[in-house]
Every structure is written in structure tokens, then in C-alpha cells.
Amino acid sequence: MTKKLTIGSICFIHGLGGGRISTWSKGDVFWPYHLLAKDIPEARIMTWGYKADVAHFISPTSTNRVKDHAKSLSNALSALRNSPETSRRPIMFVAHSLGGLVCAQSLLESLFIDAAGVERLSDHTAALTFMGTPFEGSDTAKWSNLFKRLSQLLPIGEVNKNLLDYLRTDSHELKILGEDFPKWLNNRQTPGERRVQVICFFEELSTHGIGHIVPRESAQIAGHESLSLPDNHVGICKFDNFQDPKYKIVLSYLMKWVVEIREGSRVQNPQTVNIST
């Protein structure tokens, strides 16, 4: 029979206070598995988790900065992409909120890898989907207010001030990332480079009692497409059925990029792989 070739990987990265499953779940539906895996069965779908709680309810919060999480992401993906076949496989990222900053930082960090036989993650990145990512910072008070409300229901542990400082609108580190990341994206538009497709989604609805967590102007990257999703900051990345309008919009971009990757693979690898049975 003919083996179906994997066209690439799709990696999900959650945001502040989220989890690798909870962020992408609505009710009992974990949409990367229950929905997306059925619509794009030839993709290798992964979710990556890290400790990004501003107020962790069980144990002390991680004091890692965004750069540390970015390196952890790179190491985790390198371990999964350690064979000649998988190391060059195109990869698409879907990131919510702070996860988008971790993703962007990870790609920039990989530019400095210069070891023989080691593939740079940035060289094989095909597309990026950002959902409410605060590239120009977000009002720290809004994040604090959100978790202050949660504290009325659950006991709050230590606060990771490093992550909150990073998200301030006057954050020096965020300013540098906001300058360097668009430059890298623009460089990838030049002839001879693999173009990186980008879509930035922003929240159309406000969070009750708080307002818009990441305003439209902060969730955009100059020169790249942006689009609103009809939900608040938490809800823009949660879908529970194939007919959900938000899911259809996000899927349309992922499918478009999958087709582009598939067509490119056919040009480079026109043969099929046959397995005798």
C-alpha cells in the first residue's frame, strides 16, 4: 500500500495562565485533537506546555523569563525533530497570548545556532498563527485584575513578577522583540528564502469587568494580515464543533498553508513511498 507522507507539524503554544490542553478546550472538546486532526490528518499535531501562571494555585510559580521558556520550547521541539526526516519538516505554530511571544523569541534564538548537523527551527517555520499576542505590551493592571478576581475563588500562591514585567507596555525586552521579530519576518520575504505566512487574530469582545486584554493595535504586526475573532481574549482559542465560525476562520488559514506546503513537497519529492504488505 502507499504510505501517506506527513506534510509537516503544527505546534500549539498556550498563553499566560493557560495549559497545553485547557487553553485549546471548550467543554470536552480539545479541538487540536477532536477537530483539527480530522480536518488535517496528514499533519503531526503537538501541544507544548510550560509553567506560565501569574498566580499558581498549587505550587510556587516558575520564575523563568520569556527567553528561558523560548529555549525550553526549542529544546523540546529539537528532541522531537531529531531524525533526518523530521528535522527538515515544515512546522506551523498556533500560539495564544504570551505563547506567541515565547514562539517569536524561540525563533529568534534559533538564528544563533551554528552547530554542524543541527537544523535551525527558524529555517523550517512555514506559518504562524497568533491569537491575542501582545507584541506591543499589554496593560499589566488588566492581567492583575483578572487574577485578582480568580483569587476570590481559589487560594493564590506566589506571583511571577518576571512575566508580568515582560508584558508591561514599557517593557524593554518586549520592545526589542517587537523590533527584531518583524525584521526577521521581513527578511524571510526576500527571494531565495522560505516565506513565513502570518495571521494575527485579535479579540473582538471585551472581557467582562476588565475590557480588552490585548487591544487590536497591540495584537498586530506591521505589514502582516490581522483579523478579529468574535470572542474575548480567553474564548478566541476555544472551539467545540466543526461549525463554529471561529474554528472555520482559523481552519481556513491552516488549510491554505497546508496546501502550499503540500504543493511544494510534490515539486521536491514527486515520488510516493510504497510499502509492500
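Me: In which sense do β1 and strand β4 pair, and over how many bridges?
Reply: Strand β1 (residues 8-13) and strand β4 (residues 43-48) pair in the parallel sense over six bridges. Strands are DSSP runs of E with at least two residues, numbered from the N terminus, and two strands pair if DSSP finds at least two bridges between them. This is a predicted model, in which local features need pLDDT of at least 70, side-chain atom pairs count only at pLDDT 80 or more, and totals for chains, interfaces and linings use all residues. Residues are numbered from 1 along each chain as its sequence is written, and side-chain values use heavy atoms, with hydrogens and water left out.

Me: Which residue of β4 does Ile10 stand opposite?
Reply: Ile10 stands opposite Ile45 in β4.

Me: And what about β1 and strand β5?
Reply: β1 pairs with β5 (residues 91-96) in the parallel sense too, over five bridges. There, Ile91 is the bridge partner of Ser9.

Me: Why is β1 described as largely enclosed?
Reply: Six of its six residues are buried, so β1 is largely enclosed by the rest of the structure. Buried means under 20% relative accessible area, with a 1.4 Å probe and protein chains only.

Me: Which residues lie on each side of β1?
Reply: Gly8, Ile10 and Phe12 lie on one side, with Ser9, Cys11 and Ile13 on the other. In a regular strand, side chains alternate between the two faces of the sheet.

Me: Changing topic, which residues make the contact of α4 with α7?
Reply: Leu101, Ala104, Gln105, Leu107 and Leu108 of α4 meet Leu174, Leu177, Asp180, Phe181 and Trp184 of α7. Contact means heavy atoms within 4.5 Å, and helices are DSSP runs of H or I with at least four residues.

Key. Buried means under 20% relative accessible area, exposed over 50%, partly exposed in between (1.4 Å probe, protein chains only).
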